[in-house]
Amino acid sequence: MRLIIRDDPTSVGEYIGNYIAKRINDFKPTPENPFVLGLPTGSSPIPTYKHLIKLVKEGSLSFKNVVTFNMDEYVGLPRDHSESYHTFMFREFFSHIDIPPSQVNILDGNAKDLIGECNAYEARIKEFGGIELFLGGIGEDGHIAFNEPGSSLASRTRIKTLAYDTILANARFFNNDIAAVPRMALTVGVATVLDSREVVVVVSGQRKALALSKAIEEGVNHLWTLSALQMHPWALIVVDEDATAELHVKTVKYFKSIERVQDEVEAMHDALRAKGIEEPVGSME
Amino acid sequence: MNGLICFTNCLLPREDGSLVEQDLWIDERRGVILDAQRTFFLRKERPDRIVDLGGNILSPGFMDIQINGAYGFDFSVYDGNDEEYREGMKTVAEKIVETGVTSLVPTLITQEKSLYPKILNLLRPFSTPTSANLLGWHAEGPFIQLAKRGAHAPQFLVPAHEQFASLEAVYGAANLADREDWLMETGDTDAVGVRIITAAPEIDGVMAAVEETVKRGVVFSIGHSIASTDIATAAVQRGARLITHLFNAMPQLHHRDPSIIGLLGASPHLSAPMSPKRVAHTHAPLARSDSLTRRLRAAEQESPKAASEAFDDLLTPPQTPIFANRDSELHLQKGKVTDMAFERPFYELIVDGIHSHPNSVRLAYTAYPEGCILITDAMKILDPHLRDGVHEWRDGKRFVKEGDKLYLEGTDTLAGSVVTLDKCVRNFSRFTGCSLGEAIKCATYNPAKCLGIEAKKGTLRPGADADLVVLDRKGYVQSTWVKGKEVWRKNAA
């Protein structure tokens, strides 16, 4: 696992935006072999989306041959609702880039057969040969996607009841009316995320500091589902200074010291790829 | 190409007067504004054509609900030749787009009675693929007050002794048919069509005709009137929803009987369903118009001069009526105003800097911003390319044009306006100090709402007609779009 620390959320967004752009461009996606990207919602990834939009407008990045899968969507919330994840993704990202609508996949929280919808989603991911890079964020309770504390670390896309913490945190988007916050969501599972060839997680703000510490300084634990990332061979977490508040000084120093070899790792990875060796080499431990 | 256009890098005026940085998607073929998100997720399409507006403002097209003519054509002149008249309508509709106007309501000043049915029938909703929309008609007169007739011909003014039947007799029953029937005649039930009548509610029979007029889907506007506060209020309670060119052709604001202008400050105290009863001097508030009426009668004996504007309002200030005290509980919520029994009417302002002083414009807007509608009230001479100097009018009379000022030759009588609506918007923002977005609202959403067509015109709502104007940050028109097609573009200087 790599941990990259930047001064503020904007710098975090630029770092991840550039990183993803490089991965897409190096991949040289085509209509037959598109780059498959997993995407989150929430406030943390917004600076990343802003930077990606800038790169598209500058012409140095295109989503013409990118297929996206979103992590989650509320159940029963109309697609046009101002807080639905369809609305979020369109407003914050898809409307500003050049992705063809047919290449965008978001779970349908209004499907008649919700279980069928989830299974079809997993199947569709497989059809595309799995996800190349999954970008994620975390909740204050350490959840990745809507995999709340206690979720199975082997979980797949499914219906999930939201934790009370999450409902409280989201009430601010529903006029502080707790009753108006949806109680359920469809979400990819922890295992769905871990299946992707690479995972990049954005963590910003002091409120996420404890969750970050639990996820990377303690053991794998289903009460902090992000900790499952420790089992992934090619994971990157990018955080701002505020989010490091609960980390040991030792941890911060260690990750800062290994950042400088990042480029070498990248170069090695590219070289292996060029030789047709697909084995990921991201782990520094 | 899939016929969809995305306007990007632009500011969109919202219905609350704010400006937001956002894209707008339209369907060029159907000529409508799209719900971008639905188009993306349900139609699975995104626009093939992207128009970068370079930070300019993309506004709904302007709407002028009172305009007498332009580019040499006068809506009030009909020489018995339908083709010629239609050609004139077409000329105005096609040229006016350079001023950012995409919808207008041709206005007819008082005519000889027999001409109305014919002209109003010609003024059904009309547009060509590259022109602004003529939305219907605005009949200003003949049921107006002699004392406030302005440039209207005194010999053609009439009372409405038979109430609504008198209106039908003058305008033609077919032209006052129920909205659906009237639109049906037009052949396109989907068309947006409006009718406005400006009349003085104190004229005999007019007040009794207001309700039926409104029921037929015609907007009743108070104007060219000396209605006292009581009468003006009663007209609004019966359904009048507009005031014609506020401040002009009406009694000036008097604090004891604020008359028509005072409607902008209508007090909940007087408008409530349980309004307190007057205790004394029932007729006192009418003194102002009474004195005027007396002098008027005297004046009628002489033959009125066509060019003379109006009479001085009054000699004796009337008394403010005395109302019985009410003892209901007072509310305790700061910022809230007690509910009114009726909505205050919209009001038209000519913001050429001549017909109303900037202070007056700001005073009206501050009193009731939601009701403000900018109009040009322009004469046929309106043409931004016309040079200053002497121009022919009619009956041997000639205009002198001096910037936005227009006189009858040899007099200092204002002969109407020659200001364009885009200039009114710029003036309005300067005069009131409001933002450009709020000024735009007064030339788009407010008039559309007054006419009840705000779902189709004067708005950027999904489903509305893609009638648009691009403005730079100074409020100058860069390009104009009608039904999704660019119909005018400023020449690169």
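1. Strand S4 of chain B (residues 24-27) is covered on both faces: B:Leu24 and B:Ile26 are buried on one side, B:Trp25 and B:Asp27 on the other. Buried here is under 20% relative accessible area, with a 1.4 Å probe and protein chains only; strands are DSSP runs of E, at least two residues, numbered from the N terminus.

2. Some housekeeping: this is a predicted model, where local features need pLDDT of at least 70, side-chain atom pairs count only at pLDDT 80 or more, and totals for chains, interfaces and linings use all residues. Residues are numbered from 1 along each chain as its sequence is written, and chains are lettered from A in the order in which they are written.

3. S4(B) runs antiparallel to S1(B) (residues 4-8), joined by 4 bridges; pairing takes at least two DSSP bridges. B:Ile26 is the bridge partner of B:Ile5.

4. S4(B) also joins S5(B) (residues 32-33), antiparallel, through 2 bridges, with B:Val32 as partner of B:Asp27. These two strands make a hairpin with 4 residues between them, and B:Gly31 in the turn has a positive phi of about 70°.

5. Over in chain A, 3 strands form an open antiparallel sheet, order S4-S8-S7. S4(A) (72-74) and S7(A) (158-161) are the edges, each pairing on one side only. Neighbouring strands are turned by 30° on average, direction ignored (axes are lines fitted to C-alpha atoms, for helices over the stretch in contact; angles run from 0 to 180 degrees between N-to-C directions).

6. S7(A) and S8(A) (residues 184-187) share 4 bridges, including A:Ile159 to A:Leu186. Helix H4(A) (residues 114-127; helices are H or I runs of at least four residues) packs on this sheet, touching S7(A) and S8(A), contact being heavy atoms within 4.5 Å. The direction of H4(A) makes about 120° with that of S7(A).

How values were computed. Heavy atoms only, no water. Buried < 20%, exposed > 50% of the residue type's maximum accessible area, 1.4 Å probe, protein only.
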